[in-house]
Amino acid sequence: MAHISGGISTSHVPAVGAAIDMQRTQEAYWKPMFDGYEFSKKWMKGNTPDVAIIVYNDHASYFGMEIMPTFAIGIADSFAICDEGYGPRPIPEVQGAPELATHIAASLIRDDFDMTVLNVLDVDHGLTVPMSLMFGEPDKWPTKVIPLAVNVVMNPQPSGERCLSIGKAIRRAVESFGEDLSVQVWGTGGMSHQIQGSRAGLINQPWDKKFMDDLVNDPENLQYKPHLEYMIEAGSEGVELIMWLIMRGALGEKVQEVYRFYHVPASNTAVGHLILTPKAE
Amino acid sequence: MESSFDEFKDIPGTTIFTIEKSREGFWLNQFCMSLRTAPNRERFLEDQRAYVDEWKMTEDQKKAVLDRDFQRMLELGGNVYFLSKIFATDGLSYVQAVSTMTDMSVKEYQQMMLDGGRNVEGLRSLKKGE
């Protein structure tokens, strides 16, 4: 049977992708941030999953306002790289895992999560920057990917409770898949940042650190944090952090914290990163 | 459970992109989406007025685009991820564009970020002034 072998959370700042693509990771501004991912790249080499379910949000790169799905899952063979206005990132296409993805999509819908099913999807920095951070710059990505897109752009976004619950449902779906596969779930976005209005540039380090603590140890209470608090305390774009709850829900009740990293700033954003593994229940 | 969008208006210096705002900004945001292809970006830069006139935007929205008044675009229903296609077309980064919505120069804004970002103290609520 397939199983959940780990969970990754990380910010997905577009400028981080640009710094990698333009070979600027060793510059003074960027080096401390990229150094924080050296452990993760090494860890990932020894723990490469067969499939990564990457929970992310599209940033008006594929979805316009014609269709704004709350939860959408990509079941295609492969996913092309979006042009976000600067030309597409020079990275390999992302390979899908259509059989597992189809199984998960069906399982989630039967479990009362009304998924939008994507047979065509181009992916943006929300999905690809975490891949670059965890895998570096390979000619071909070492793992297959199931994109799970969450609307965090247009309010109302799905509630924290709904996000934790869909994570738990993803675990049930993975564990009922017949093939023996190692599957990770990644939650991307955050941490505190606001990229609009006169309050832009907001960073809230104590809040971010508490969020990471609670995500690890107390997700059952964290799920009830209202969106308004994310917006006030972590900035209007900090609400992306609800996607970390999906990852956490998929890992089960208790987790082992393998690694934690936090850094300010990357462009407008506080970078947070966790590696978690499930603990036997 | 959030029942109203009004509570967002109490957050200082912040425009939350709600489903209501998305109606107002639909064509502005769709225009932005068109800039995802290089030929459209070139055509827009060649004759910006002619290009915005191809879209069912209000005159206010068109003017805000031509003036690169991102704050005004937010107020008229634009969302920053959509608007990013405009500043990407101009060759600007998020930091360069975002700082124009604040009272700081790009340099001052960058320094604030290096110093740990903007502190939330005093920026939580207009009503409570905290």
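Modeller: A:Met68 lies in the loop between β2 (51–56) and β3 (71–74) of chain A; strands (E, at least two residues) and helices (H or I, at least four) are DSSP runs, numbered from the N terminus. This is a predicted model, where local features need pLDDT of at least 70, side-chain atom pairs count only at pLDDT 80 or more, and totals for chains, interfaces and linings use all residues. Residues are numbered from 1 along each chain as its sequence is written, while chains are lettered from A and ligands numbered from 1 in the order in which they are written.

Colleague: Why does A:Met68 count as partly exposed?

Modeller: Because A:Met68 has 15 C-beta neighbours inside 10 Å. A residue is buried if 20 or more other C-beta atoms lie within 10 Å of its own, exposed if 12 or fewer, and partly exposed in between, with C-beta atoms placed from the backbone.

Colleague: Leaving aside neighbours within four places in sequence, what is A:Met68 in contact with?

Modeller: A:Phe63, A:Asn151 and A:Met154; contact requires C-beta atoms, placed from the backbone, within 7 Å.

Colleague: New topic: how many residues of helix α10 of chain A are buried?

Modeller: Nine of the nine residues in α10 (242–250) are buried, including A:Trp244 and A:Arg248. A:Gly252, which follows α10(A), has a positive phi, near 95°.

Colleague: And how many residues does each chain bring to the contact between them?

Modeller: Chain B brings 49 residues and chain A 39. On the side of chain B that touches chain A, α7(B) supplies the largest share, seven residues.

Notes: Contact = placed C-beta atoms within 7 Å.
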